[in-house]
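Have the sequence and the fold open side by side.

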Amino acid sequence: MQRVFDILDRDEAVSFLQSLVQTESINPPGDEHAVAEKIEERLAAAGVTAEMHEVQKGRTNLLASLPGEASIEGRVLVYSGHFDTVPLGNASWEHEPLGGESAKGRMYGRGTTDMKGGVAAMVLALEYLRRSGTRLGGELRFVGTVGEEVDGLGAHEVVKKGQMDDATALVVGEPSANGAFVAHKGTLWVEVSISGRTAHGSMPENGVNAIDKMRHFLNWLEGHSFSHEEHPLLGGPTINVGTIEGGVKANVVADGCSATLDLRTVPGQSHEEVLSEIERALAEVCSSTGASYEVRVVNDMAPVSTPEDDPFIGLCLDTAKRRLGQHLTPEGAKYYTDASVYVPQLGLPTLIYGPGEPGMAHQPDEWIDVEKYLEGIRFYVALAEEYLGVV
Ligand SMILES: [Zn+2]
């Protein structure tokens with residue numbers, strides 16, 4: 001058996017990542033199929049079987065597996081990543097956005113950091129484990145999804161099909177600059193619309209002003225602290241009123257007003273409860289005035305957290321230290337991940353560890369540090385060996 005780290009080839013790893021970056025998968029619309037296909041071809045050539053699952057036309061999840069040879073307590077370790085990227089944005093790029101150009105130890109391009117770098121590193125970990133002849137005790141599974149950047153389409157499909165029901169631990173390869181993130185906030189985007197009754201601006205008593213009602217609601221929101229406990233790594237929840245729209249002109253009583261809210265929640269908070277508190281406040285604001293309201297949930301991603309003293313997290317930190325000389329301390333992530341879909345359903349110990357730079361996600365001239373990308377591959381290999389055992 002060859003040692004896995006010995007066959008890791010920098011040029012090969014770089015050109016694989018470059019080929020994924022050059023394969024456009026901007027979401028919307030997504031069109032991630034070609035990315036899944038590139039990965040499937042690569043794994044097939046290395047003797048790793050992968051299944052393609054079409055979620056929508058042109059949008060394909062991929063599941064690949066190294067089966068366990070002597071299941072240690074039935075362990076199944078899932079490595080998870082998404083294939084889509086955000087759009088290029090309006091700012092101009094110095095580097096070709098879909099070129100995957102390398103310069104001074106970095107690779108540039110949309111998705112290098114978020115998160116084709118993490119995806120490529122996970123896929124190559126499976127490939128190198130197979131090519132080296134390593135026989136794992138438990139199963140290592142890669143789950144690649146579509147649609148993470150918009151609505152978690154692919155992850156919802158994975159849960160619906162039960163494709164992770166037997167998983168015992170999860171690693172999400174979102175950018176952590178090779179740090180150990182053990183928690184992230186939840187995201188709840190809500191559109192609130194209030195309808196009133198129009199009248200001439202000189203006789204407001206004849207109408208119901210929807211802007212007034214919205215003002216009362218937003219005042220309540222500002223003074224309200226949704227019940228929560230401060231999280232040691234994430235702090236407390238936040239609220240941002242992102243947009244507000246309403247009214248026609250100065251001398252008309254506004255019969256409509258809507259606002260969008262971005263609530264970031266902490267572990268322990270229930271989104272259902274937050275929504276019912278919002279509904280109660282709106283009901284009170286509108287009660288016996290003739291105004292009515294509507295609440296629409298635009299995005300709902302649950303908060304995720306694994307205790308720092310969880311044995312899996314302990315093993316991850318220990319692996320990084322012993323095998324790679326990395327001293328990691330648990331941190332919290334600012335963004336949400338596909339784990340928002342998986343963890344509430346499956347209750348898995350979860351680590352977020354990826355080679356990208358969190359600050360470069362969604363930015364022009366997005367880049368990844370090539371050394372950190374290679375270190376990511378080594379970490380994924382080492383963690384699979386440590387958690388699943390080598391026969
Ligand atoms: Zn991402």
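Strand S5 (residues 106–108) and S16 pair in the antiparallel sense over three bridges; strands here are DSSP runs of E, at least two residues, and helices are runs of H or I, at least four, numbered from the N terminus. Two strands pair if DSSP finds at least two bridges between them. Met107 has Ile368 in S16 as its bridge partner. Helix H10 (residues 370–388) packs on this sheet and touches S4, S5 and S16, where contact means C-beta atoms, placed from the backbone, within 7 Å.

This is a predicted model, so to speak plainly about limits: local features need pLDDT of at least 70, side-chain atom pairs count only at pLDDT 80 or more, and totals for chains, interfaces and linings use all residues. Numbering starts from 1 along each chain as its sequence is written.

The sheet is open, with three strands in the order S4-S5-S16 and antiparallel pairing. S4 (102–103) and S16 (367–369) sit at the edges with a single partner strand each, so one side of each has no neighbour in the sheet.

Now for another pair: S10 joins S11 in the antiparallel sense over eight bridges, with Ile239 opposite Leu263 in S11. Of the nine residues of S10, the number buried (20 or more other C-beta atoms within 10 Å of its own) is zero, so S10 lies largely in the open.

| Strand pair | Bridges |
|---|---|
| S5 and S16, antiparallel | three bridges |
| S10 and S11, antiparallel | eight bridges |

Overall, the chain has 10 helices and 16 strands, and 47% of its 391 residues count as buried.

Terms used:
Buried ≥ 20, exposed ≤ 12 C-beta atoms within 10 Å, placed from the backbone. Contact = placed C-beta atoms within 7 Å. Axes fitted to C-alpha atoms, helices over the stretch in contact; angles between N-to-C directions.
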